[in-house]
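Student: I am new to this structure and would like a close look at one part of it. Could you walk me through the salt bridges?

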Amino acid sequence: MPRERLSFNSGWKFRRVSSGSGSAIVRDGSCDDWLEPMGKFLLPEPGSVTERPDSSLGGTVEYVQADYDDSEWRELNLPHDWGIEGPFDLNAPGETAKLPWQGIGWYRKQFEIDEADLGGMVFLDIDGAMANPLIWCNGAFVGGWRFGYASFRVDLTPHLRAGGDNLISIRLENLDESSRWYPGSGLYRNVWLVKSSRVHVEQWGVHVTTPKIEEDSALVCIETVLNDETGGESAGKSENAIYAPNTLLRPLELQHRVFEANKEGLIVGEALVESARETVEIQDGFAAHSSICVTIDSPKLWSPHSPSRYVVETQVWEDGQLQDRVETLFGVRSMAFDADNGFLLNGERVMLQGVCLHHDHGALGAAFNVSAMRRQLLKLQEMGCNAIRTSHNPGAPEMLDLCDELGIFVIGEAFDCWALPKKENDYCTCFQRWHERDLRAMVRRDRNHPSVIIWSIGNEIAELWHPEGWKLGRRLSAICKEEDSSRLTTAGYNFGGAGFDGMQAAVDVTGFNYKPDLYAEFHERNPTRPVYGSETSSCISTRGAYFFPFSDERLEGRKDFQVSSTDLHTADWAFTPDAEFKGLDENPCAAGEFVWTGFDYLGEPTPFNADMTNLLNFSDLEERERIARELEEQRKNSPPSRSSYFGIIDLAGFEKDRFFLYQARWRPQLPMAHILPHWDWPEREGEHTPVQVYSSGDEAELFINGRSLGRQKRGPLQYRFRWDEVYYEPGEIRVETYKDGEPWATASRKTPGPASNIVLEQNYPREGEADLTYVAVSLADEKGVTLPRATDELSVQVEGGGELIATDNGDPTRLEPFQSSTLPLFYGKAIVIIRRKPDTDAGIKVKVVAAGLPEAELSV
């Protein structure tokens, strides 16, 4: 009975509840004893784990009963995030997006099981559930987890019945004060039903490494863990078990074949190499381990420029019958971190041009969607980004698949805190009992991805300030190495002293958050330890907003709960992009940077945010006290801000000016130039209006209505061109750039006339198909010049084979639901997100109306 992996996302019933339904199960910790056996296969000594109590947790709760009437419950498909549905609450904390993500939600699903399936194993695999999921099958408690970002499996086998009367019930609870950004709520990642033989490869049980790579060959080593549950707990408790308990050693045959993979990760062509069939003896109820190496000729190396991949097909045979078959994607590449030369891929230095990303998809919330994720990654690649830090928890499996496919490096990060809290009910409440399982699960799940270059054990953890925090750090690093000896470990240190007080020895590669001024000292005092910027800049801006007079003061440029888009303003603890560029250029030992953040995200709307965990970024006690007073005052005023200003790209997916500053640095061979601000200032005629230009060229000349305002040559450690003495006049402002004395790129901004029409443009996908389509909306005058300050109210209608699922305009203070079909343009732009209806080939039409303008229509 070879395995099947089936999507289990459709046909769920959902209900939110405010009380009852076992409401104290998580809060008082009474579920912990029942959860103790979960993931015990991840632990070095699974036999020492306490078994589950004989009674059934929550067995009397009405929602787990088959005869409970759920006809009034809402029908939906997964992934699902109940918090993003709103409504926004002005008085709720901005740090978690002013959305109702807390509380209890229940999901129920009826499903069928064939008689033949009952002779094997049936598992429920959950990629992520926010948070504290507890799961029942046909009224019997079967397991759960505590960490909302973890992927895990529960065994349904003992409790299933042939036919269509099987019921899964899942309870989730998000506790107050458990997150410092918007975490999402519910079954927000994919759910799978996995059917297999009772003799099968363990979950994440194939580990592929390439320890020796030469020009004409690569050694591929494959470790496999097999399970035999023919007479184990599942079989013994199942009335439908077809195997009798068996304590003898059973001979199995194991074989691997290696194939090339196409872009989608599917096998192409004939096997490049296959191993001999290896005999593995296994005892019922136990696991068996196999290790074998094969050689592939003329390997295609994985890199950002050529993300080639391979597939290992693993087959398990018994008495001539195929029992299991697993495909494992991997890449052939070498990587290293060097104290003098930074990051090396396949023996060559590669600068890490990375960003940090939270897991939400803006207006879609935390509900994972491959199209939304691909759109983000492609936009970041367009900027020149080549690396992602999964801030600050494990990402969705499909996100890593996309990074493998597109050639994007990944720092896989486990935790935002350890035993010491940042929030009262955050991960600290279950760290002691769960951290080893969660860390091993992350590494074991993700270790075959060629994109993953290093494991991060934590971000800005409070133990940095503790004299013995390094001990726990070393233990976590050791766990990573036990699961994957091929990669190093890191962490994000926001306390500079952690680079010199012994904490640096807890990890292999030191990551500094906002410390470009420490790279030189660190390298001098730790000459054998690599270093990089694990979190950098925290520049803040609002796309399209410009406040005069322009200021170079980092903490200025703020008005009406927006931040001027001159890229000169930062959070209190932070640096402009230019300062980080300078720190890296002066210290080539540093491996690169991960900018905070690639995209705006829900929650943490600094500088209009009262999140007291920001105090962790200040080591000076007087500075801490000052910021604490400011934050306390902000709590009283309840700013409307509900999403971040940190993004290089706004929440709707539109580039801020900063996008082009990073593109100029990260893609030096791309001819490009960008001017800011826009050139639509009728109220400022004759007034001082400075101009900046971002370009990959090394010289630039600025013109206003054809008159030159001077030609500049960029000097050392200078990253933008500035003409500070410009006075506004309507018309055209234009820049001509040069590189090595030759013309390079031009850009211009024009003053628009009155709005003439609505412009609709398919923002994503630019080509091909996707289950989501993003349509950008703007206004233009009769000559096609866009209006950068338009605020017109839009009404959106979708017809045919699609449905409108969200709208957004990038305004961090907009408190209307994302599901609304009406919204204003924000600094001239808005986005419409459409989902194709299932089982239809009908065309999709988007219609947009604004008062006084012709209706616009676009077929997508």
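Tutor: Glu405 counts as buried, because its relative accessibility is 13% and buried means under 20% relative accessible area (1.4 Å probe, protein chains only). Before we go on, please note that this is a predicted model, where local features need pLDDT of at least 70 and side-chain atom pairs count only at pLDDT 80 or more, while totals for chains, interfaces and linings use all residues. Residues are numbered from 1 along each chain as its sequence is written, and side-chain values use heavy atoms, with hydrogens and water left out.

Now to the partner: Arg374 forms a salt bridge with Glu405 (a side-chain nitrogen of Lys or Arg within 4 Å of a carboxyl oxygen of Asp or Glu), and the closest N and O atoms are 2.9 Å apart. Arg374 belongs to helix α3 (residues 370-383) and Glu405 to helix α4 (residues 397-406), so this pair ties together parts that are 31 residues apart in sequence. Helices (H or I, at least four residues) and strands (E, at least two) are DSSP runs, numbered from the N terminus.

Another pair is Arg444 and Glu483, whose closest N and O atoms are 2.7 Å apart in their salt bridge. Arg444 sits in helix α5 (residues 431-446) and Glu483 in helix α6 (residues 469-483), so parts 39 residues apart in sequence are tied together. Both Arg444 and Glu483 are buried.

A search of the whole structure finds 65 salt bridges.

How values were computed: Buried < 20%, exposed > 50% of the residue type's maximum accessible area, 1.4 Å probe, protein only.
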